[in-house]
Amino acid sequence: MSSRRLKHQITRRQGDRAFFSTCVALTWISVLPLFLILGTIIFKGVGQINGSFFVEPSPTAVDAMMAKMQVDSVAGGRVILPGGIANGIVGTLIMVVVASLIAIPIGVLGGIYLSEERGTRLASVVRFITDLLQGTPSIVLGIIVYIWVVVPLGNYSALAGAVSLAIMMLPLIIRSTEETLLRLPKSMKESALALGTSYRSTVLKVLLPSASGGLLTGILLAVSRIIGETAPLMMTALGSNHINWNLITPSSAVPLLIWEFYNDPNLIEMIWSSSLFLLVLVLTLNIIAKRIAAKRAI
């Protein structure tokens, strides 16, 4: 009887080891493509990043062609294209800031309503629409904003791009605000109301500050999601070869520049450097969001 039990234990341990080894192998297989992508982007993109990369607008096809001809005529060395992506950085910054100014107040207020009125029919409708909006393809939102903003203004603009990005931010901010507020102890709100605090003051001065960590995390995640969007900006902002600070004229963005570089054989090298910049930016935002969530977890 003891020998059977010993044999059973050995078999079980062997099975556990085999299962663990399989999980480790499958994990490495799943993350290997990610490491290959990151390695390729870093290897091919770091060569183009220099001082002018962040302060000069994107080069034209003629400038890139001339730079390549000069390199070929000298020694066939590595091509360093002139110019940078300053027009895309400025456009991205403007549209993200404007989109945040539109989406954050609406999203936070919507999340407060959903958390406070969970059982009402209107809250259920709003929650359903929010979930539906979150799953809507970005190109569809771009077409809608084209009809709502671009056509009435008669022009592509950074404002139209910001509106499309704001619509994409709303679902994530609304749901993150709702879930964060629902995790707060009910006694916090009841204590504030029992002390004679008005409902408005309770929400603004008690609940929101207590949930600030989760709110900020949701906002940063929403920003990191929209910062790499291309499709809605193609329908709204269009793009520009110049650094443009005007909200009602066409503007560029880093994702739009990547698409433009892809369509021009002379600017292929700029794809990797622009992708590396965008990757580092999104990664930084995600790291900040996770650290805030860890430090100020409810």
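1. The axes of helix α4 (residues 121-134) and helix α6 come within 9 Å of each other and cross at roughly 130°. Axes here are lines fitted to C-alpha atoms, for helices over the stretch in contact, and angles run from 0 to 180 degrees between N-to-C directions. The helices α4 and α6 are therefore oblique to each other, given that angles under 35 degrees count as roughly parallel, over 145 as roughly antiparallel, 65 to 115 as roughly perpendicular and the rest as oblique. The crossing of α4 and α6 is left-handed; a crossing is left-handed if the near helix is turned anticlockwise from the far one by less than a right angle, and right-handed if clockwise.

2. On the basis of this note: the model is predicted, local features need pLDDT of at least 70, side-chain atom pairs count only at pLDDT 80 or more, and totals for chains, interfaces and linings use all residues. Residues are numbered from 1 along each chain as its sequence is written, and side-chain values use heavy atoms, with hydrogens and water left out. Helices (H or I, at least four residues) and strands (E, at least two) are DSSP runs, numbered from the N terminus.

3. Helix α6 (residues 158-182) also packs against helix α3 (residues 86-116), at an angle of about 30° and with the axes 6 Å apart. That angle makes α3 roughly parallel to α6. In this pair the crossing is right-handed. The contact of α3 with α6 comprises 22 nonpolar, seven polar and one charged residues, where Ala, Val, Leu, Ile, Met, Phe, Trp, Tyr, Cys and Pro count as nonpolar, Asp, Glu, Lys and Arg as charged, and the others, Gly among them, as polar.

4. The largest nonpolar core has 62 residues, of which I85, M95 and M169 touch the most other members. Such a core is a set of buried Ala, Val, Leu, Ile, Met, Phe, Trp, Tyr and Cys residues joined through side-chain atoms within 4.5 Å. Buried means under 20% relative accessible area, exposed over 50%, and partly exposed in between (1.4 Å probe, protein chains only). Among the helices that each supply at least two residues of this core are α2 (61-74), α5 (138-153) and α12 (268-295). Helix α6 gives the most, with 13 residues.

5. UniProt, in an unreviewed entry, places the feature "domain: ABC transmembrane type-1" at residues 89-289. UniProt positions are given in the numbering used here, feature names are shortened, and annotations may be inferred rather than shown by experiment. In the model this span is 78% helix and 0% strand, and its end C-alpha atoms lie 21 Å apart.

6. The unreviewed UniProt entry also places "transmembrane region" features, including residues 20-43 and 270-289. Residues 20-43 are 100% helix and 0% strand, with end C-alpha atoms 34 Å apart. Residues 270-289 are likewise 100% helix and 0% strand, and their end C-alpha atoms lie 29 Å apart.

7. Q9, in helix α1 (residues 2-45), counts as partly exposed at 28% relative accessibility. P152 is found in helix α5 and is exposed, with a relative accessible area of 58%. L238 lies in the loop between α10 (231-236) and α11 and is partly exposed, at 42%. L238 has a positive phi of about 75° although it is not a glycine. Most residues other than glycine have a negative phi.
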